[in-house]
Amino acid sequence: MPRLSLAEIQSDAVHRDGVSVMEYDRSGVTPGIVHLGIGAFHRAHMAVYVDSLLKDAPDWGIIGASLRRPDTRDALAPQDFLYTVAIRDAEGTRCRIIGSVLDVLDASSDRSELIETMADPKIRIVSLTVTEKGYCHDPATGELDEDHPDIVHDLAHPDDPISAPGIILAALARRQAAELVPFTVMSCDNLPANGETARRIVRRLAELRGDTKLTKYVHSVSFPSTMIDRIVPATTDEDRALVTEQTGLDDAWPIMTEPFTQWVIEDDFPAGRPPFETVGAQLVDDVEPFELMKLRMLNGSHSTMAYVGYLSGYQYVSEAISDAAIHRLIRNLMTEEAMPTLPMGADVLAPYRDELLARFANPALQHRTWQIAMDGSQKLPQRLLGTARARLEKDQSIERLALGVAAWMRYVTGRDEKGEAIDVKDPMASRLREIADAAGGDPERLATGLMALPEIFGADLPENPAFTGPVILALKSLYATGASVTATAVG
Ligand code: CS2
């Protein structure tokens with residue numbers, strides 16, 4: 001089959017049922033955004049919103065940057081950086097070819113071109129999806145981890161940074177020196193108050209550099225928070241074959257996703273922004289209620305399903321949620337433990353919950369429990385522990401939240417219930433494994449050892465028996481009877 005390219009989409013080959021291409025002239029699009037971390041989520045989410053608005057606002061094209069690996073550039077460069085978004089559900093698959101990404105810079109070994117691009121006055125927004133671990137922060141406090149090796153490097157080499165905060169600061173320094181207005185920094189990661197977190201980290205890094213003029217300039221930068229939502233499983237070779245069959249074109253890295261998408265953005269863009277509201281995004285003054293709802297209901301359920309589901313032998317979320325006991329556990333986790341902590345009313349939350357349960361059950365998405373289980377040390381604080389704190393402040397039960405935390409603990413031992421190895425991906429994997437090995441299979445020792453990690457559990461939770469008790473109880477049950485029986489018992 002021919003390779004996806006600009007030339008090919010102008011031919012009739014691709015004009016088929018269930019396939020749409022961009023409605024604007026790509027040659028007339030100029031960059032206005034640099035996006036750090038041009039992974040699958042960004043390409044299914046923000047880049048699709050931008051693609052929808054380029055016909056009327058062609059000066060908001062995206063230049064993506066990969067900070068860790070060259071593979072996205074390698075995949076997209078031969079196809080003019082076009083790619084296919086395959087939207088899948090029980091009704092079938094609809095393919096949409098996206099042209100909003102104009103270029104992808106490989107910044108894995110050299111950041112100079114990226115920083116120069118970010119310093120260009122045409123760039124008015126720098127957005128990022130670098131995952132929770134990309135912020136080089138303490139997950140429990142949200143503060144910059146000043147001992148993080150990448151931060152230590154960037155303070156020693158401010159003009160050749162390797163971390164996302166360091167790259168942003170270096171580019172801001174270039175703009176300040178050129179007496180340009182700063183770009184807006186828009187975080188699109190699953191962090192509470194993601195804009196405020198990014199602001200705190202970049203400002204602290206500027207202070208540590210000891211440059212008062214730069215620090216003052218950084219204080220003038222806007223860091224709006226956003227809530228982003230779209231389920232995006234990792235792409236497989238079977239997915240590539242499906243897209244080729246549907247479009248008649250080979251795409252080296254298509255993106256698989258669901259019909260649902262949501263984007264809530266704090267409207268604070270002094271350097272200007274695209275008309276996001278014309279393509280379905282919600283512009284608000286305060287994102288927090290939306291963020292908390294999504295992190296505690298969707299992501300808290302996701303992580304609980306990832307660990308309980310994986311330990312129960314389910315490879316995919318759609319399989320796990322189809323298990324009656326897990327379905328009941330997740331529905332009750334949301335209804336009984338997450339929803340009461342949220343500012344929105346049941347009239348909003350109950351339908352949102354029911355829609356989430358349907359999204360999790362999407363039979364066309366092969367979303368691996370293992371994929372969601374990654375980086376749990378960076379995810380648990382905002383997905384489960386924040387909810388637990390809110391419940392404990394009111395002396396309310398946390399049985400299901402505790403099971404989610406306990407299942408994570410069992411998972412990070414690196415051994416499943418059959419004694420098979422688990423490929424635990426986590427920036428703290430080696431420390432977690434040391435603690436697990438020292439516990440020697442004793443659930444109370446394991447729980448106590450892991451809860452002693454302040455980066456994850458803070459100083460309060462390990463000292464609170466209303467938290468440690470239920471977690472240890474759940475972990476003992478997981479060891480004694482397994483995840484499936486425990487999920488049934490907790491319900
Ligand atoms: C998932 C998220 O992998 C994970 O941790 O929970 O990527 C989730 O799919 C998105 O937040 C959905 O918007």
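Q: What counts as a helix or a strand here?
A: Helices are DSSP runs of H or I with at least four residues, and strands are runs of E with at least two, numbered from the N terminus. The model is a predicted one.

Q: Where is the place of D17?
A: D17 sits in the loop between helix 1 (6-9) and strand 1 (19-20).

Q: How far apart are D17 and F269 in sequence and in space?
A: They are separated by 252 residues in sequence, and by 39 Å in space, C-alpha to C-alpha.

Q: What makes the pair H35 and S127 a polar contact?
A: The contact joins the side chains of H35 and S127 at 2.7 Å. The cut-off for a pair of N or O atoms is within 3.5 Å, so this pair qualifies as a polar contact.

Q: How do you know that strand 2 and strand 3 pair, and in which sense do they run?
A: Strand 2 (residues 31-36) is joined to strand 3 by 5 bridges, and the two run parallel. Pairing requires at least two bridges, so these strands pair. Within this pairing, H35 has G64 of strand 3 as its bridge partner.

Q: Which strand is joined to strand 3 by 5 bridges besides strand 2?
A: Strand 6 (residues 101-106) is joined to strand 3 by 5 bridges, and these strands run parallel. Here I62 has V101 in strand 6 as its bridge partner.

Q: What makes strand 3 mostly covered?
A: In strand 3 (residues 61-66), 6 of its 6 residues are buried. G61, I63 and A65 point one way, while I62, G64 and S66 point the other way, and all are buried.

Q: How many residues of strand 4 are buried?
A: The count is 7 of its 7 residues in strand 4 (residues 83-89). One side carries Y83, V85, I87 and D89, the other carries T84, A86 and R88, and all of these are buried.

Q: In which sense do strand 4 and strand 5 pair, and what joins them?
A: Strand 4 and strand 5 (residues 92-98) pair in the antiparallel sense over 7 bridges, and a hairpin of 2 residues connects them. I87 has R94 of strand 5 as its bridge partner.

Q: How do you know that strand 4 and strand 10 pair?
A: They share 3 bridges in the parallel sense, strand 10 being residues 255-257. At least two bridges are needed, so the two strands pair. V85 stands opposite I255 in strand 10.

Q: Which residues are around the ligand?
A: They are N190, D229, R230, K294, L298, N299, H302, H367, I372, K379 and R383. They divide into 2 nonpolar, 4 polar and 5 charged. Domain 1 (6-284) and domain 2 (288-490) each provide at least three residues of this shell. Helix 11 (288-311) and helix 16 (376-392) each supply at least two, and helix 11 gives the most, with 4 residues.

Note on methods: Residues are numbered from 1 along each chain as its sequence is written. This is a predicted model: local features need pLDDT of at least 70, side-chain atom pairs count only at pLDDT 80 or more; totals for chains, interfaces and linings use all residues. Side-chain values use heavy atoms; hydrogens and water are left out. A residue is near a molecule or strand if one of its heavy atoms lies within 4 Å of it. Ala, Val, Leu, Ile, Met, Phe, Trp, Tyr, Cys and Pro count as nonpolar, Asp, Glu, Lys and Arg as charged, and the others, Gly among them, as polar. Domain bounds come from an automatic or database domain assignment. Buried means under 20% relative accessible area, exposed over 50%, partly exposed in between (1.4 Å probe, protein chains only). A polar contact is a pair of N or O atoms within 3.5 Å; within protein, one must be able to donate a hydrogen and the other to accept it, and residues adjacent in sequence count only if both atoms are side-chain atoms.
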